Amino acid sequence: MSKIFISCALPYANGPCHLGHLRSTYLPADIYARYNRMIGNDVLMVCATDEHGTPIAVKADNENKKPIEISKRYHDMIAEDIRSMNISLDNFTRTTDKKHYDIAQNFFLDLYNKGYIYKKDITQLYCENCNKFLPDRYVQGLCPVCGSEARGDHCEKCGRHLEPTELKEPECLTCGSTPVIKDTYQYFFKLSDFQDDVEEYIDNNEYLPPNVKNYAKNWLKEGLNDWVLTRDMDWGIPVPLDEAIGKVIYVWGEAFLGYISSAAQWSEETGISWKDYWDDYVVHFIGKDIIYHHAIFWPALLAAHGCKMPDNIYAGEFLSLEGQKMSTSKNWVVWIADFVKEFDPDLLRYYLTINAPLNKDTDFSWKDFQRRNNDGLADVIGNFLHRTFTFTHKFFDGKVPEYKDPSVEDLEFEKSIEELPDNVGELIANYDFREGLLEIFRVAKLGNKYFNDQEPWKAVKENPQKAANTLYLSNQLAKTLAVVLKPYIPTKADAIAEIINIDIPEKWDDAKVALPTGHEINKAKPLFKKIDDDVIDAQIIKLNETLKNNEDENMSDIITIDDFDKVEIKIGQIKEAEKIEKSDKLLKLQVDIGDEVRQIVAGLAKFYAPEELIDRKVAVVVNLKPAKLFGTLSEGMILATGESGALLTPDECEVGERIQ
């Protein structure tokens, strides 16, 4: 039995979790951990919220609260998000815990005493109005490369890493005044001393996936420069030196240690040494945006401390939403807390795994989520299980029938069932999580074909043993599915086991133990239901309305005359109006715009009865891309106020007249 140390990237405690966090980090880590526990490996999986750094301090300033209040609020949210998705962490802590402070300060002192951390005079932006030096996230300005708006450490548009003093037209984020450049000092880590160590780690590590190796190698080509390890702030872990008043350890200098402090806390509670796990095999699950931190900075820090480097760093690529980059500032995200209010969390675990390999960027689409659920879980897995259990009760009194004199088809299907656990296990062990799930579905599809070809509903009268063999093998596959699906969709896997009338699957080899003849199963019940169009349409409307509301709030700041010139507005006249079934907001309108009649879906049902709108003249945006709302095509937009639904009243205008 091996010991495995698994960590998930620390979620930053300035907001709850969305689907991107789950897909890149927590879900693959959980699949890997659950499988390894089932094959007998001793797993320690830990995480913590990352609670220091300037974004939390900035948010606290904006809300007139203390940073610890902000981080506590979001720690609790994140903990619930992780729990709701059945992520089987052994410990989940905070970087504001005393244990973490002690470990981080001792780590800093160890490197300082060894000569790997040194004091250096530098220039830094200083706000004379706020009377303080400004950390990078407290500054905004224009990128010196592309001219776009940028924060003090990074330009979102061109992706360039920046120093705050490089910004053009810098502003203090707190008061808006222009900072000045002043002399100060910070503490630096001798990252340059570890160029060879990190290169050897990257080049000779057989476990690291290609995306991590390639990213790190590109960074290493430029040569490693010493790395500033402190900031001038009140919020953070104080530098443990008498001379360093007002300085804290940079968040990336201590956040990594959240893996260790979480594990150390677990050790205190259990009496089991976390170091035994670290010394055996360590894998970090992260998102690709922090590859260089984990593949370069972290190994160098560990080398300086004299500690073993992680064996593997598995980085999930990005998840977009409906073809667009996720944006928490624009609320263009699906929050986990919102998802689990409407859907079973296992549906999301399935979709995010089956959608694309982790080493590729992919997109979350509500329509594709619906299709995958209906065509995959419901039609393949659900259909096979339901027929198996139903026919077993109908023809064999709910008991597994006797298996004898198998046909060639029986033997081929039996072989597929027997090989499934080893095939899936090997793929999960190699971090090919999607491929493992696809293998499960491949055999489940074989099960449906086998069931159809054997026609047990006919064979039970003409050749009872053929029907018996069919149901015997189908029940064996059902039992195997209850085991091999456990790492992916644990709640549904347990529900399958309950119907089969077996203990909750805990060991992977249980998949290879056949149900005995005469074993009694429980009655079938629906496990995977299809998702209706109106349910998905409601989610799409909700998402678009959220984005629209956010855009409306900021429109005065971002629109130009050139943007407005693109909008084509005509006078239209409503000819027909009716309510859309299952929606209390939407009306379907037929609107004459002069040269044609357009069908437009409008959110006016709360303000007008359909008959009140007949023959009303309205202003219509006519050059919008058509979209479906609640399954109904909409070919334009009626201009009306959002709060009262008041329509523009162009009664004296001609139908079809263009006003913009």
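I take helices (H or I, at least four residues) and strands (E, at least two) as DSSP runs, numbered from the N terminus. On that basis I count 20 helices and 23 strands in the chain.

**Entry 1. Ground rules**

I am working on a predicted model, where local features need pLDDT of at least 70 and side-chain atom pairs count only at pLDDT 80 or more, while totals for chains, interfaces and linings use all residues. Residues are numbered from 1 along each chain as its sequence is written, and side-chain values use heavy atoms, with hydrogens and water left out.

**Entry 2. Whole chain**

I looked up the extent along the principal axes: the C-alpha atoms fill a box of roughly 95 × 80 × 40 Å. I call a residue buried under 20% relative accessible area, exposed over 50%, and partly exposed in between (1.4 Å probe, protein chains only). Buried residues make up 53% of the 660 in the chain. For contacts I use heavy atoms within 4.5 Å. Of the chain's contacts with a separation of 6 or more, 74% join residues 24 or more positions apart.

I count two strands as paired if DSSP finds at least two bridges between them. Five strands form an open sheet in the order β3-β2-β1-β13-β14, and the pairing is parallel. At the edges I find β3 (91-94) and β14 (312-316), each of which pairs on one side only. Angles here run from 0 to 180 degrees between N-to-C directions, with axes as lines fitted to C-alpha atoms, for helices over the stretch in contact. Neighbouring strands of this sheet are turned by 20° against each other on average, direction ignored.

Helix α1 (residues 19-38) packs on the sheet and touches β1, β2, β13 (282-287) and β14. I read about 155° between the direction of α1 and that of β13. Helix α10 (residues 291-305) lies across β13 and β14 and runs at about 145° to β13.

I then went through individual pairings. Strand β1 (residues 3-8) pairs with β2 (residues 42-49) in the parallel sense over five bridges, and K3 stands opposite D42 of β2. Five of the six residues of β1 are buried. β2 also pairs with β3 in the parallel sense, over four bridges; there, C47 has F92 of β3 as its bridge partner.

**Entry 3. Cysteines**

How many disulfides does the structure hold? With a disulfide taken as a pair of cysteine sulfur atoms within 2.5 Å, I find zero. I checked C8: its closest cysteine sulfur is that of C47, 5.0 Å away, which is too far for a bond. C8 is buried at 0% relative accessible area. For C17 the closest cysteine sulfur is again in C47, at 8.5 Å, also too far for a bond. C17 is buried as well, at 2% relative accessibility.

**Entry 4. The antiparallel sheet**

Four strands make an open sheet in the order β5-β4-β9-β10, with antiparallel pairing. Its edge strands are β5 (132-133) and β10 (227-228), each pairing on one side only. β9 (residues 180-189) and β10 pair over two bridges in the antiparallel sense, and F188 has V228 of β10 as its bridge partner.

**Entry 5. Positive phi**

Most residues other than glycine have a negative phi. I looked for exceptions and noted N64 and N131, with positive phi of about 55° for N64 and about 60° for N131. N64 is in the loop between α2 and α3 and is exposed, with a relative accessible area of 73%. N131 is in the loop between β4 (117-127) and β5 and is exposed too, at 57%.

In α2 (residues 54-63) the buried residues are T54, P55, I56, A57, V58 and A60, and they pack against α3 (67-84).

**Entry 6. α14 and α15**

How do the axes of α14 (residues 408-429) and α15 (residues 433-454) lie, and at what angle do the two helices pack? I read an angle of about 170° and an axis separation of 9 Å. That makes α14 roughly antiparallel to α15; the cut-offs are under 35 degrees for roughly parallel, over 145 for roughly antiparallel, 65 to 115 for roughly perpendicular, and oblique for the rest.

By class, the contact has ten nonpolar, five polar and four charged residues. Nonpolar covers Ala, Val, Leu, Ile, Met, Phe, Trp, Tyr, Cys and Pro; charged covers Asp, Glu, Lys and Arg; the others, Gly among them, are polar. The α14 side includes F413, L420 and V424, and the α15 side includes I440, V443 and Y450.
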